[in-house]
Amino acid sequence: MINKLKSKDLLGTKDLSPEEILLILNTAESMKEISSRDIKKVPALRGKTIINLFYESSTRTRTSFEIAGKRLSADVVNISVSTSSVAKGETLRDTAKNLEAMNPDAVVIRHSSSGASEYIAKILRCPVINAGDGAHEHPTQALLDLFTIREKKKELKGLKVSIIGDIAHSRVARSNIYAMNKMGMDVTVSGPSTLIPVDIEKIGVKVVNDVVKAIEGADVIIMLRIQLERQEKGLFPSIREYSRLFGLNTEKLKNAKEDVIIMHPGPMNRGVEISADVADGQYSLILDQVTNGVAVRMAVLHLLTGGA
Ligand code: CP
């Protein structure tokens, strides 16, 4: 069993080995216990400085990275791009170089451009963690999804997963597909054909456009939001039509396995890709995903910044 990650950065799940994924999940298991204590703090990263640099909005990822760092006793600095010198035209490169001059131990970045995290990882000496870059990757989301699935189902290998919705613009789908393939899971994607990339089969998934068929036999269903901020108009007739054909509701769920689990990375559009009763219902693990996001991000920060 390995005890460290090979790269200085976490930019995607595509480059992680199955052993590295297991290392992160197993480390996250120990980290989760810390969050259930009265005093939710250990000194592992005392004296380390973590910068959260978010060029796109975020609730779950930014907050959980901040909480994760603080629970490990790191000093966490959040940079809000709208009130930073980015608003005055400073480039990503200059921003990265100026942050580097303050000697951080890790930079967590979210950016609307695919490849932004890789770009600054080449500039910075410290670890860079991709918190979502365009439609490319969102590795910690996929890792927390795997953690949540393993917690519920005990084993990952052989599970059937259906990822439903806007696959084309989803960094969550891409990171999950890479990671799930490595862990021996069987992934199907479903949704309107306009929102499924051509040739996606080449990265190891099946395509089933009929959502009802994609639900049948799935152990795990992951619903995705339509990423309106990343797509041109006219890719589906209307929100109402989308919801009728591709949204998950109690009626469609009648075709699912008895022990199916339902997940969503958030933010949800209730009544569009998922009905409120399903989102809040007995099969939903959506809030467990959020809880586990803290543990997984604690594990990633710990492994990359070399905590004791
Ligand atoms: N799942 C996710 O990335 O949520 P946020 O955009 O709120 O961080």
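This is a predicted model: local features need pLDDT of at least 70, side-chain atom pairs count only at pLDDT 80 or more; totals for chains, interfaces and linings use all residues.
Modeller: Residues are numbered from 1 along each chain as its sequence is written, and side-chain values use heavy atoms, with hydrogens and water left out.

Biologist: How do you know that the radius of gyration of the protein chain agrees with that of a compact globule?

Modeller: The radius of gyration is taken over C-alpha atoms, and the globule rule is 2.2 Å times the number of residues to the power 0.38. For 308 residues a compact globule would have a value near 19 Å, and the protein chain has 19 Å, so the two agree. Along the principal axes, the C-alpha atoms fill a box of roughly 55 × 45 × 35 Å.

Biologist: What makes up the protein chain in terms of helices and strands?

Modeller: Helices (H or I, at least four residues) and strands (E, at least two) are DSSP runs, numbered from the N terminus, and the protein chain has eleven helices and nine strands. With contact meaning heavy atoms within 4.5 Å, residues 24 or more positions apart account for 72% of the contacts with a separation of 6 or more.

Biologist: What makes Leu245 count as buried, partly exposed or exposed?

Modeller: Leu245 has a relative accessibility of 38%, and so it counts as partly exposed. Leu245 lies in helix H8 (residues 239-246), and its contacts, leaving aside neighbours within four places in sequence, are with Val211 and Lys252. Over the whole protein chain, 56% of the 308 residues count as buried.

Biologist: How do you know what is a cavity and what is a pocket?

Modeller: On a 1 Å grid over the protein atoms alone, a cavity is a set of points where a 1.4 Å probe fits but cannot get out, whereas a pocket is an open set with protein on both sides within 12 Å along at least five of seven lines; lining residues have an atom within 4 Å of a point. Grid points are joined across faces, edges and corners, and a volume is the space filled by probe spheres set on the points. The search of the whole structure finds one cavity of 30 Å³ or more, and the largest cavity has a volume of about 60 Å³. Helix H11 (286-305) is among the elements that line the largest cavity, and H11 gives the most, with four residues.

Biologist: What is the volume of the largest pocket, and which residues are closest to its centre?

Modeller: The largest pocket has a volume of about 360 Å³. Of its 20 lining residues, Arg110, Arg171, Arg225, Gly266 and Pro267 are the closest to the centre.

Notes
Buried means under 20% relative accessible area, exposed over 50%, partly exposed in between (1.4 Å probe, protein chains only).
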